[in-house]
Amino acid sequence: MNRLTNPVERLGHEVIGYVDDRVDDLKLQAAKGLSQGTGALAGMVLILVMVSALVLVLSFAGVMLLGEIMGSYATAAFIVAGVLLVVVIVLILCRKYLFRDSFVGLFTGIFAPEDAKADPFKTQKQLDAALARSKNRIQKGEDAIHARVQSARSYYSPKNLVATSVRKDILPLLLRLLGGRRKKK
């Protein structure tokens, strides 16, 4: 790095680090969103399957009841339908927690940054903590880039460029020229 391009090169390094942090954050956000979405979808599919089975059994019980007014098959069908109804109610009440952490490990294994692949996240809490750390790194990167931009602005200001050029380039040249003439006389 030379004196003139040093601020721009430092800014470039800060921008590269910032972009890497933003990509890691995007991966973590994708893993969180996909795990929550897939968990919700799996819960809904399970509830739908159970409701379908409940309707099927209730229909079968209704047919059996009509077929045998006092038959034991119908009573058994209603008992099974009651059990399935209880299962459906429990699933509906637990749907937010049932598949909550099921897909976190899967998606962080796909999307997580390299340092997280050695120790993949297994729960939403671990994923949220990683997202918080990622946000902190991004904020630090933004602050560092802002500081580098301010430094480059002050370095490349006309006043500073003229002063630096006069002090480091023109003044030594004039001193050498004047010093060389005095020796010749």
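I started with Asp25 in this predicted model: its relative accessible area is 7%, so I noted Asp25 as buried. Its side chain meets that of Lys135 in a salt bridge, 3.5 Å from N to O. The pair links distant parts of the chain, with Asp25 in helix α1 and Lys135 in helix α5, 110 residues apart. I looked up Lys135 too, and it is partly exposed at 45%.

Next I went through the other salt bridges; the count comes to 3. Glu14 and Arg148 form one of them, at 3.7 Å, N to O. Glu14 sits in α1 and Arg148 in α5, so this pair ties together parts 134 residues apart in sequence. I have Glu14 down as partly exposed at 22% relative accessibility, and Arg148 as partly exposed at 27%.

Then I checked Arg137 and Asp21, whose closest N and O atoms are 3.5 Å apart in a salt bridge. Again it's α5 to α1, so the pair ties together parts 116 residues apart in sequence. Arg137 is partly exposed at 32%, but Asp21 counts as buried at 16%, since the cut-off for buried is under 20%.

I took a look at α5 itself. It runs over residues 124-155 and reaches 46 Å from first C-alpha to last, close to the 46 Å expected. Its buried residues include Gln124, Leu127, Leu131, Ile138 and Tyr155.

Last entry: the largest pocket, with about 210 Å³ of space. Gln124 turns up in its lining, along with others including Ser35, Met44, Arg95 and Phe99. α1 gives the most to that lining, 6 residues. By class I logged 3 nonpolar, 5 polar and 3 charged lining residues.

Technical notes. Residues are numbered from 1 along each chain as its sequence is written. This is a predicted model: local features need pLDDT of at least 70, side-chain atom pairs count only at pLDDT 80 or more; totals for chains, interfaces and linings use all residues. Side-chain values use heavy atoms; hydrogens and water are left out. Helices (H or I, at least four residues) and strands (E, at least two) are DSSP runs, numbered from the N terminus. The expected span of a helix is 1.5 Å times one less than its number of residues. Buried means under 20% relative accessible area, exposed over 50%, partly exposed in between (1.4 Å probe, protein chains only). On a 1 Å grid over the protein atoms alone, a cavity is a set of points where a 1.4 Å probe fits but cannot get out, and a pocket is an open set with protein on both sides within 12 Å along at least five of seven lines; lining residues have an atom within 4 Å of a point. Grid points are joined across faces, edges and corners, and a volume is the space filled by probe spheres set on the points. Ala, Val, Leu, Ile, Met, Phe, Trp, Tyr, Cys and Pro count as nonpolar, Asp, Glu, Lys and Arg as charged, and the others, Gly among them, as polar. A salt bridge is a side-chain nitrogen of Lys or Arg within 4 Å of a carboxyl oxygen of Asp or Glu.
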